[in-house]
Structure formats: C-alpha cells, structure tokens
Amino acid sequence: MKGSFKLGKIADIGIFVHWTFSLLIMFIIFINYRAGQSATQILLSVLFILSLFVTVILHELGHALAAKRYHIKTKDITLLPIGGLARLEKIPEKPIEELIVAVAGPLVNITLAIITGIFIAIPETTEELMLQLSTGINPNNFFLNFFLVNFWLALFNLIPAFPMDGGRIIRAVLSFKMQRHVATRIAARIGQFIALGFILFGFFTSPVLVFIGIFVIIGAQVEADFTETKFLLKGFKVHDILMKQFPKVDANETIKTAVSLVLDSQSKNFLITEAGIPVGTLNRDQIIMALTKNGENEFIYNVMDRNLVFLDGNSLLENSFEVIQLNKSRLMLVMENNEVAGVLDSENLMEFILINEVKAKITHDKKYR
C-alpha cells in the first residue's frame, strides 16, 4: 500500500505500517491529555495500543503461516489504524485448507488470552471488573485489558460476516456440501446483512463500526463476483481466448507512431519488438503520459514496460485468472511450445466472460422454459 513503511521481516514476510497509524497514536495522546491524565498514564495508553497491534501482527501471521503450510505465500502484512491486512497470493480453495487458515488468526488471540489469563487475577464479579477498568490504563490493569481485548478480538473476528474470518469459516463449511461459488454467494449475503447491523449500530456508538460495515459489504461483493467469474472459466484454457492478431511496434519507433496507431484502431495495448523479438509492452495510458512529458519524438524503448508477463497456453484459465487480474493494464504473452502463440489482455478476458454469461443465461432459460 502507498504510504507504508517497512518495519522488517518475520518468516520472510514483510511487515509494514501505514502512515495513518501515526494518526491513531496522536489521537490517543490527545484524548488522554484532554482527560487530564499524567504523562505516565498517556505513555501506558500508547504502549497498550502498540501491544495490541503486536497481537494484530501475530493474528495475521497465524493466517500467513497456516497458508504457508499449503504452499501459499503471503506478500506482506500492513498495519492500519483499524487493524492488520495480510496479502496472501491467493485464498485456499479446498474447504479444509480455507477452514484451517481462517481459524488460525482468531486461535492466536485465544492463545494469547489464555496465556495472559494464567498470570493475572481475573475479577470474579462484573462490578469488580468495571471498577478496575474505569481507572484507565495503569500498571495494575494493563494485562487485564490485554486479556480482555484479545478475547473480544477473537470473538469479533469469528462473527460470520464474510470476508472476515468468521465468514470465511462459513464459506469453507458450506463448500464441503456445495460448489464454491454458491457457498461464496451465501456467505457474502450473510456477511452483508450483518454489515448493515454494524453500520446502524455504529451510527450511535462508533464510526469505526460504520467503516468496517462498509468494508464488509464491498469486500463481500467483490469476492463473490471474483469467485463467480472463476467458476465461469472452469474447463477453459488460456489458448481458448488468446488473440493471434495483435498490433506490434518496433522499439526504435517514436511515440508519434504509437499515437497514430491509437487513433487509427481500437487497440489499447501494443507489443513492442526489436528485430522481431518481444522486448516490452506499451498501453494507451503510457503513450499519453510519454506524449505529455517528453513529446511525440521520444523513442518507444525509453518509455515501454520491459516487464513481460508470460502465460502458458495450456494452463487452466481459472488458475491464470488472478495473474491476469494483477496485470490488467498490461498485454500478456501466451506461450506454446516455447513460442509466442498470441497475446491476452484483461479486456479480451472480460469480453469472453460476458459472452459466456449470456450463453449460460440462454441455456438456463431454455432449460426452465
């Protein structure tokens, strides 16, 4: 994420903190100062928040290390004011694997709460508990607060609001009995219904709940659409949708030539070659940016994207879908027998998906007519 600073690496996973996290620290200092707390109390409050975010890192590492067991890498973990974000290369698709990965995070919080509970005296009555917590963070209740927060973090993450951990557990359990895209749709609808409750409750209590509710609604829909799309691609291979007719431009040509090609065709992505060998790609946005900055006499080899993305023509399209999505602004080369058989871009894939959706609808209508 832009504006993130690297703290280090754990288990070969980059740990980052977003700059907005500093706003949370300043806010904690401000409200404690306004409440008339001493410098020591303010420092303890800040240390407590930092300790909570250490547990957030451990929570995300729980997911990451469980995923690693199934050969799924985690790109990085980023700390945000509302929690942590672990970017896995992909979500496990086997129900048992997704179940274990989803449970691993809350299990870390439960473990931390149990370990902390061994070393502290937990109040026997609610009145005594509230009395201890009413004095703010202090040396006497620091670990009691730590115990309670980990306990509630585990429970909160287990709420079945997909794509939160609890929602993923629901999806995994449903996937044992039904197709994954159907299980995802059901889990997403459950999550979105609960998210509306977050938003309504948050209006009267905390804006953070409103933000989480909006995140759940959007995240659930995005993942449901993503899973539905992957289902539509089942049975197809990359070579089924490759483009054999595509525009090529020599790297030694100028931007003026590329501009002419954009104006004279519907093409938005171009393969850049040198002596007939692919050396890069160039899209419409890059052409316009180069024209704006350097003028039409700039050579293409100075502005082209040299990071070529290769796809195996015989690989399953559903397995290549995530790679295509990650490189949606690029032209990708499809290889067969160690030769370039054609190219593929995200727009071509979307057209293929649209056509198959229409075909599926026609088949469905005929079946139930």
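Which residue forms a salt bridge with Glu 98? Keep that in mind while we set up the view.

This is a predicted model, in which local features need pLDDT of at least 70, side-chain atom pairs count only at pLDDT 80 or more, and totals for chains, interfaces and linings use all residues. Residues are numbered from 1 along each chain as its sequence is written, and side-chain values use heavy atoms, with hydrogens and water left out.

**Stop 1: the sheet**

Start by selecting the four strands that form an open sheet in the order 1-2-3-4, with mixed pairing. Strands here are DSSP runs of E with at least two residues, helices are runs of H or I with at least four, and both are numbered from the N terminus. Two strands pair if DSSP finds at least two bridges between them. Colour strand 1 (4-10) and strand 4 (83-88) next: each has a single partner strand, so one side of each is left without a neighbour in the sheet. From one strand to the next, the twist averages 25° (axes are lines fitted to C-alpha atoms, and angles run from 0 to 180 degrees between N-to-C directions).

Now show strand 2 (residues 13-18) and strand 3 (residues 74-80), which run parallel and are joined by four bridges. Pick Ile 15 and you will find its bridge partner, Ile 77, in strand 3.

**Stop 2: Arg 168 and its partners**

The structure holds 13 salt bridges, each a side-chain nitrogen of Lys or Arg within 4 Å of a carboxyl oxygen of Asp or Glu. Back to the opening question: the partner of Glu 98 is Arg 168, with the closest N and O atoms 3.8 Å apart. Glu 98 sits in helix 3 (residues 95-118) and Arg 168 in helix 6 (residues 165-175), 70 residues apart.

**Stop 3: Glu 318 and Lys 234**

Select these two side chains, which meet in a salt bridge at 3.2 Å, N to O. Glu 318 is in helix 11 (residues 317-326), while Lys 234 is in the loop between helix 8 and strand 5 (248-250), 84 residues apart. Glu 318 counts as buried because its relative accessibility is 11%, whereas Lys 234, at 46%, counts as partly exposed.

**Last stop: the network**

Finally, show Glu 98, Arg 168, Arg 171, Arg 180 and Glu 223 together: salt bridges that share partners join them into one network.

Notes: Buried < 20%, exposed > 50% of the residue type's maximum accessible area, 1.4 Å probe, protein only.
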